[in-house]
Amino acid sequence: MEANQNRVVVAIVDSGLNVDDERLRGAAMEGWHVTSQAMGHIALDGDFTDEVGHGTETAVGIRRFAPDALLVAVKVLGADHHVRADLIAAGIETATKRGVRIINVSLGCPDATKALLIREVCAAA
């Protein structure tokens, strides 16, 4: 992540970002895609392309209040609109470990029994 103590860094745990969206022109962006691999291992790759649009819309809203912020996409939601609590939790944990102090999560989890996992990760963040 860009080392600049004066810049606000906001992680957006969502569907990724559309780097070509006109409303984000000039924005500093980076990110990763959180996926689940064999045996439940979490993996990260650099393709945080937004296939849904929700993450991009969230970033546009954040940029209105913090136009110079570094937007860190943490893609956990794909084109199928399916999201899992363990991926949300892994996204929050990864952002925290990378030094992000402001994390936006505008997603719900269909499995309410997994809400405790997300609460625990948020508390640890």
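Glu57 sits in helix α1, which covers residues 54-65 (helices, H or I with at least four residues, and strands, E with at least two, are DSSP runs numbered from the N terminus). This is a predicted model, in which local features need pLDDT of at least 70, side-chain atom pairs count only at pLDDT 80 or more, and totals for chains, interfaces and linings use all residues. Residues are numbered from 1 along each chain as its sequence is written, and side-chain values use heavy atoms, with hydrogens and water left out.

With a relative accessible area of 44%, Glu57 is partly exposed (buried is under 20%, exposed over 50%, partly exposed in between, with a 1.4 Å probe and protein chains only). Glu57 and Leu24 are 33 residues apart in sequence, yet their C-alpha atoms are 9.7 Å apart in space.

On to the inside. The largest nonpolar core holds 22 residues, and Val34, Val72, Val74, Val76 and Ile88 have the most contacts inside it (such a core is a set of buried Ala, Val, Leu, Ile, Met, Phe, Trp, Tyr and Cys residues joined through side-chain atoms within 4.5 Å). Two or more residues each come from β1 (9-14), β2 (28-36), β4 (70-75), α2 (85-97) and α3 (115-124). The largest share, 7 residues, belongs to α2. Apart from this core lies another, of 13 residues, among them Ile12, Phe48, Ala69 and Leu71.

As for α2 itself, its buried residues are Ala85, Leu87, Ile88, Ala89, Ala90, Gly91, Ile92, Thr94 and Ala95. Just after α2, Gly99 takes a positive phi of about 90°.
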